[in-house]
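Thank you for making the time this morning.

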Amino acid sequence: MGLSALAFISVSALALAGCSSADESDAPAADSAVVSTNGSEPQKPLIPTNTTETGGGKIATSIFAGLVSYNADGEIENEVAKSIESDDATTWTITLNPGWTFTNGEKVTSASFVDAWNYGALNTNAQSASYFFDDMVGWTDVQNTKLDPTGAVDEEGNPLMVPDPLSETLSGLKVVDDTTFTVELSAPEADWPLRLGYTAFMPLPSAAYEDMEAFGENPIGNGPYMLDGEGAWVHEEGISLATNPDYEGLRKPVNGGLEITFYTDLAAAYADVQGGNLDVLDAVPDSAFETYEAEFGDRAVNQAAAIFQGFNMPYYLEHWSGEEGKLRRAAISMSINREEITDVIFQGTRTPATDFTSPVIDGYSDSLEGAEVLEYNPKEAVKLWAEADAIAPYGDTTFDISYNSDGGHQAWVDAVINSIVNTLGITATGKPYPTFAASLGDRSNDALTGGVRAGWQGDYPSLYNFLAPLYQTGAGSNYEDYTSDEFDALLKEGAASENVEDATAKYQAAQEVLLQDLPTIPLWYANVNGVSSDAVGNVVFGWDSVPLYYQITKD
Amino acid sequence: MLWYTGRRVLQMIPVFFGATFLIYFMVFSLPGDPIAALYGDRPPAPGVIEQVRAQYNLDKPFIVQYFLYIGNFFQGDLGTTYSGRPVSDVMAGAFPVTFRLAMLALFFESVAGIVVGLIAGLRKGKFFDASALVVSLLLISVPTFVLGFVFRLVFGVQLGWFRTTVSAEAPLGELVLPALVLASVSFAYIVRLTRASVADNLNADFVRTATAKGLSRPRVVTVHVLRNSLVPVVTFLGVDLGSLMVGAIVTEGIFNINGVGGTVFKAITLGESTTVVSFIAVMVVIFVLANLFVDLLYAALDPRIRYAK
């Protein structure tokens with residue numbers, strides 16, 4: 001994992017920024033330099049391996065430093081790690097920089113990482129990010145389950161399973177000495193280090209294991225910021241973070257701290273920026289889409305984010321499998337005017353999709369073979385639909401796309417449906433479920449009647465993360481049970497490649513398979529929109545749509 | 001009257017059980033698996049969902065869940081939210097601020113509403129009366145959220161008189177703007193109720209008698225007209241307190257107040273029965289007590305009202 005030239009330049013720029021601000025932070029008015037920003041109440045106590053949502057994620061990345069961190073372009077830079085090396089992409093040797101400490105004074109050692117990862121992987125701990133360790137040797141042992149001894153069954157009469165780990169620790173994780181440990185993967189993965197900046201891979205101090213729940217209320221980390229004393233997290237209201245004086249990593253804060261206020265309504269947060277009560281807002285409410293760029297000028301941000309959106313077409317539906325299904329999928333895709341919908345419905349805050357990943361990910365492509373199926377082409381769409389009708393007539397079956405009506409999806413679903421109706425002349429409709437939970441039931445029971453809204457936000461900047469969890473046979477988020485031997489093989493070859501360039505080529509080839517099969521109809525990538533007040537400067541958004549808080553300046 | 005009060009308090013018991021049972025059942029019947037939904041598009045490792053479900057008793061039949069909840073309730077344990085916080089903590093965070101907001105709104109709407117209504121009633125058909133009627137009609141027809149947005153924009157962003165949203169400590173000064181928004185609709189109703197009632201009573205026999213006895217005009221108006229006119233207004237205020245406590249969800253959202261309405265709404269979308277039921281149980285008690293208080297107040301306002309045994 002050598003740093004690219006670009007990454008190197010940005011590192012030195014950061015280092016310079018860090019230096020120049022060191023003088024300023026000596027000024028007595030430290031209070032005024034606290035940057036305020038928006039957030040949302042974390043769903044769980046702040047335990048890194050149990051934090052998989054954005055509200056908790058932005059706090060966790062601020063108070064912890066992992067082996068690597070991501071720069072604005074999503075490239076990794078070593079933080080606690082001195083080196084992450086492997087000859088075969090299977091056994092990785094990680095050496096740590098000495099001198100890192102947690103804010104309680106404890107040293108960050110190999111054990112800080114290995115113990116935390118073991119904790120996250122063990123199924124009796126029920127950590128939501130446990131699947132990040134599923135490629136390590138020993139995973140099946142720590143995740144072993146047995147039949148419920150009480151003989152309990154679920155609603156469908158299937159016997160319930162309870163955790164019964166054969167081992168408390170992953171056998172693939174070995175501490176060599178205080179600053180060295182090795183990780184053995186069950187299969188080669190060339191881009192494995194890319195994920196190490198994700199919250200699931202953060203180290204934990206040994207104090208955490210005494211009472212993990214209590215630790216999650218007042219977490220102790222090694223990151224650029226730390227909780228501003230006991231009880232800094234006021235539930236449902238906000239959290240105050242102070243700078244960590246002992247932090248010497250790449251993300252040295254140039255401001256005096258972070259005040260994160262939790263909002264349930266984005267419009268309220270937006271009004272707070274307008275009213276001068278909030279410095280940085282990393283989202284813009286729909287109601288301000290038309291005006292925010294004019295109002296905030298160069299303090300408004302509208303750039304692509306690592307969020308892919310589309311809709312899945314299940315294969316168990318009549319008319320949607322085999323050759324007929326292939327034609328219909330392509331016809332539907334070509335009948336959607338993505339340009340117009342992103343312009344009109346989203347005011348340009350979405351970017352039409354050209355692949356299955358995101359423009360901010362290294363390896364994104366707008367010229368994949370077969371990508372023309374994602375372009376609006378009503379003539380071809382009608383032709384393909386007619387060819388499919390020649391195989392088996394579609395009749396007057398109603399085509400539908402289901403969505404959860406509590407997430408603001410109705411406008412674009414209706415627009416997509418209109419576009420399909422206008423092009424193909426079929427009857428089609430949007431099908432709302434009251435909540436996401438309600439749609440999940442029908443999805444896992446194969447009881448959908450048509451397409452279903454789908455979206456994915458990258459956990460870490462890698463093509464693999466956008467493909468494997470969603471389309472690999474039997475993968476966790478592959479709800480509509482897509483399966484393709486060709487795709488699976490390419491994905492496996494990509495993972496086993498010796499370098500990232502080869503891997504990218506394989507992943508792109510795998511996407512070309514998806515473009516033919518279209519298990520999901522790609523629609524667009526979400527943009528990150530944000531605004532900041534004139535009290536702050538240097539607001540740059542990272543690849544994960546979260547501002548790089550440490551480099552925001554405030555006088 | 002003691003007997004009457006005692007009977008009313010005892011009536012709370014079946015109301016409490018009925019309400020909690022019904023609400024628990026309704027949340028239980030919400031479609032979808034709340035635990036699976038917590039993980040969104042990323043299902044956790046196998047066994048995690050089952051384990052979490054067992055932790056919240058969601059693997060048990062409905063009636064068992066309900067009685068486990070009620071059993072714990074009477075031992076002072078209201079359960080935990082899906083984020084692992086005790087529901088009692090959530091209540092301690094949400095109720096005080098909502099209570100202050102509701103009280104402030106109740107204060108604004110009752111004082112301003114009764115004064116304006118009284119003047120309008122005394123000058124029926126005059127200019128003040130006509131304008132009061134127009135303004136109240138306007139307030140009733142404009143939805144609260146529109147008023148909230150406009151107030152926030154004008155007084156918060158443009159004029160800068162008030163903070164645009166309420167901060168975590170929620171001092172009274174910051175609650176003035178949301179309380180005004182919250183009070184607006186009820187204020188309009190109170191103006192109209194008071195006005196009609198005052199205008200009615202002005203022609204009543206006892207007012208004519210009082211005037212004939214030679215009492216001063218202010219005394220006739222305050223003691224005889226107004227006091228007797230307040231019965232319908234107080235009835236309205238009693239019911240309104242309940243809706244101000246739970247119904248402030250829109251206003252709370254606009255001003256980012258972490259109150260009861262928003263918490264219950266969030267809990268319902270998450271399918272978090274323990275939170276919803278605990279909050280509703282407290283709401284039921286508040287509602288019943290407020291109504292009891294109003295009923296007792298009738299006797300104080302109108303000497304003709306007596307409580308039968």
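This is a predicted model: local features need pLDDT of at least 70, side-chain atom pairs count only at pLDDT 80 or more; totals for chains, interfaces and linings use all residues.

How many residues of chain B are in contact with chain A? The answer is that 41 residues of chain B are in contact with 43 residues of chain A, where a contact means that the C-beta atoms of two residues, placed from the backbone, lie within 7 Å.

Residues are numbered from 1 along each chain as its sequence is written, and chains are lettered from A, with ligands numbered from 1, in the order in which they are written.

Returning to the side of chain B that touches chain A, helix 2 (34-38), helix 3 (48-55), helix 7 (144-158), helix 11 (249-254) and helix 12 (260-270) of chain B each supply at least two residues to it. Helices here are DSSP runs of H or I with at least four residues, strands are runs of E with at least two, and both are numbered from the N terminus. By class, this side of chain B divides into 16 nonpolar, 17 polar and 8 charged residues; Ala, Val, Leu, Ile, Met, Phe, Trp, Tyr, Cys and Pro count as nonpolar, Asp, Glu, Lys and Arg as charged, and the others, Gly among them, as polar.

As for confidence, the predictor gives the complex an ipTM of 0.80 and a pTM of 0.82. The mean pLDDT, which is the predictor's confidence in each residue from 0 to 100, is 85 for chain B, with 97% of its residues at 70 or more, and 87 for chain A, with 93% of its residues at 70 or more. Within chain A, confidence is lowest in helix 1 (residues 5-24), at a mean of 34, and highest in strand 9, at 96. Please be careful with residues 1-32 of chain A, where pLDDT stays under 50 and for which the model has 24 contacts beyond four places in sequence.

Let me now take chain B by itself. Chain B has 13 helices and 0 strands, and its C-alpha atoms fill a box of roughly 85 × 60 × 30 Å, taken along the principal axes. Of its 309 residues, 35% count as buried, a residue being buried if 20 or more other C-beta atoms lie within 10 Å of its own, exposed if 12 or fewer, and partly exposed in between, with C-beta atoms placed from the backbone.

In chain A, the domain assignment, which is automatic or taken from a database, gives domain 1 (3-261) and domain 2 (304-528). The centres of these two domains, taken over C-alpha atoms, are separated by 32 Å, and 13 residues of domain 1 are in contact with 16 residues of domain 2. On the domain 1 side of that contact there are 8 nonpolar, 2 polar and 3 charged residues.

What about the largest nonpolar core? It has 211 residues, and those with the most contacts inside it are Trp117(A), Ala331(A), Leu467(A) and Leu101(B); such a core is a set of buried Ala, Val, Leu, Ile, Met, Phe, Trp, Tyr and Cys residues joined through C-beta atoms within 7 Å. Helix 8 (residues 172-202) of chain B gives the most to this core, with 14 residues. Domain 1 and domain 2 of chain A both give residues to this core, so it lies between them. Leu101(B), for its part, touches residues including Leu175(B), Pro178(B), Ala179(B) and Leu182(B), not counting those up to four places away in sequence.

I will finish with some local detail in chain A. Strand 5 (residues 91-96) has a covered face, formed by Trp92(A), Ile94(A) and Leu96(A), and an uncovered one with Thr91(A), Thr93(A) and Thr95(A). Strand 4 (residues 81-85) runs antiparallel to strand 5 and is joined to it by 4 bridges, two strands being paired if DSSP finds at least two bridges between them. Strand 5 is also joined by 5 bridges to strand 9 (residues 180-184), again antiparallel, with Val183(A) as the bridge partner of Trp92(A).

Lastly, Leu518(A) has a positive phi of about 45° although it is not a glycine. Leu518(A) lies in the loop between helix 15 (500-517) and strand 20 (520-532) of chain A, and it is buried, with 23 other C-beta atoms within 10 Å.
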